[in-house]
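Biologist: I would like to learn how to read a few backbone and packing features. Could we go through them one at a time?

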2 protein chains.
Amino acid sequence: MREAYRSDLRHLVEDLVAMLDRVHEGLGGASTALLDGDLALAERVIAADSHIDEDQAQLDETMIQLLARQGPVAGDLRLLVAGLRMSSTIERMGDLAAHIAIVARRSHPQLAVPERHREDFQRLGELALGAVGSSARVISGNDLALAAQVEKDDDEIDALQSDIYRAVTRHDDYTSAEVMNLTLLGRYYERIGDHAVSLVRRVGFLVTGDTLDSHGGREDPEEF
Amino acid sequence: MREAYRSDLRHLVEDLVAMLDRVHEGLGGASTALLDGDLALAERVIAADSHIDEDQAQLDETMIQLLARQGPVAGDLRLLVAGLRMSSTIERMGDLAAHIAIVARRSHPQLAVPERHREDFQRLGELALGAVGSSARVISGNDLALAAQVEKDDDEIDALQSDIYRAVTRHDDYTSAEVMNLTLLGRYYERIGDHAVSLVRRVGFLVTGDTLDSHGGREDPEEF
């Protein structure tokens, strides 16, 4: 019985990583759909988000059952509580990937990102995808050192977002629709980076045995 | 001992409501600072957000201790899990109120909201404040019927956000800074409304004994 319980906890980690893999796929598709103006791909990403939502519902129910049946304490309890928080963070990341695809869809047949910011968004897409992939490896325990890389990716995302926002407010030759898209897209990528950081920080707290930081998901008031 | 435990659960509800009261105060201040261009008030709202973060950290630790010491099952377990989710939702609402104040601060000495959208934002402020206040009353169990009002307020917020976004993309006489502010502010108010809905839905699930809906915080892909 105890063995089954340990196996359940291992499954929990695998399930979180599987959810992140779906987010990785959705985000990659969303970034491509955005830059290529690929409507069919955007639609697929938007539709696929419901699978991530279902994953979360199922995983949360499993965790609540574990809490109820095993009455875990200490480390196991904190792992389950962290798992509940992480599943909701990952679900949110899926929403944000879908939001990027929605901007692509709304702009079709035009591109949402004006040519002069194309490279910025290529880079944002790479960075966000890298942060999601690295956070999955950190959670699966395969490479804890990647946590620092996620923080670095997030810093670069924040800096790029600030650059874009600054460019937009300093020049008045953008259309209103362009400004709106750039504002929303910058924010979506930035939030995905924040969430990836919150995931790896949570793992860090679990590994070091430090107090669970309930602020893992907190967003610092951003400025630009 | 059992009596102390029941009292702890009652305190949990009171603490969630107290957090929401702080959000209510912050949001009221943020909306006023935004419309009046009141820099000092904006600064106070931004600084006060850290209290909400501390409230959350403390409340979460209390809930984890309750989970560890009491090994609750069934309804009590679901109440605690819902409490953990609600505290993080409320913390997020506090962040969003601070974000509104940050937009006000960044625009100072100019007003972030152009005159032609002043009434829209007065109404958004009222609606969001109403939704926060009503959700607190629903959580405290004083008026469950107010849940429907929160849903209605949220629908009206969504409609107003869409109106503003549509106006912005259809007219090209906004400055880029105006478009960016209107886009971000519309999104912040919209998210506060979503979070209020997620809170009252969670209470609804607890009261009806229905399965905990882990999707309470989910955002439907919005369109406009």
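Biologist: Is A:Ala74 buried or exposed?

Modeller: This is a predicted model, and here A:Ala74 has a relative accessible area of 52%. Exposed means over 50%, so A:Ala74 counts as exposed. B:Ala74, at 53% relative accessibility, is exposed too.

Biologist: What is the phi of A:Ala74?

Modeller: The general idea comes first: most residues other than glycine have a negative phi. A:Ala74 has a positive phi, near 45°, and belongs to helix H3 of chain A. In chain B, B:Ala74 also has a positive phi, of about 50°, without being a glycine; this residue lies in helix H3 of chain B.

Biologist: Which residues does a cis peptide bond join in chain A?

Modeller: Again, start from the general rule that most peptide bonds are trans. The bond joining A:His108 and A:Pro109 is cis, with omega about 5°. A:Pro109 sits in the loop between helix H3 (74-107) and helix H4 (118-139) of chain A. From B:His108 to B:Pro109 the peptide bond is cis as well, omega being near 5°, and B:Pro109 is in the loop between H3 and helix H4 of chain B.

Biologist: How do I read two packed helices? At what angle do H5 of chain A and H6 of chain B pack?

Modeller: Look at the angle and the axis distance together. Helix H5 (residues 146-170) of chain A and helix H6 (residues 176-208) of chain B pack at about 130°, their axes 7 Å apart, and are therefore oblique to each other. A:Tyr165, A:Val168 and A:Thr169 in H5(A) meet residues of H6(B), including B:Met180 and B:Leu184.

Biologist: Finally, what sits over the ring of A:Tyr174?

Modeller: The charged end of A:Arg116, 3.7 Å from the ring centre. In chain B, the charged end of B:Arg116 sits over the ring of B:Tyr174, 3.7 Å from its centre.

How values were computed
Residues numbered from 1 in each chain as written. Chains lettered and ligands numbered in written order. Predicted model: local features only at pLDDT ≥ 70, side-chain atom pairs only at ≥ 80, totals over all residues. Heavy atoms only, no water. Lys NZ or Arg CZ within 6 Å of the ring centre and 35° of its normal. Axes fitted to C-alpha atoms, helices over the stretch in contact; angles between N-to-C directions. Helix = DSSP H or I, 4+ residues; strand = E, 2+ residues; numbered from the N terminus. Parallel < 35°, antiparallel > 145°, perpendicular 65-115°, else oblique. Contact = heavy atoms within 4.5 Å. Buried < 20%, exposed > 50% of the residue type's maximum accessible area, 1.4 Å probe, protein only.
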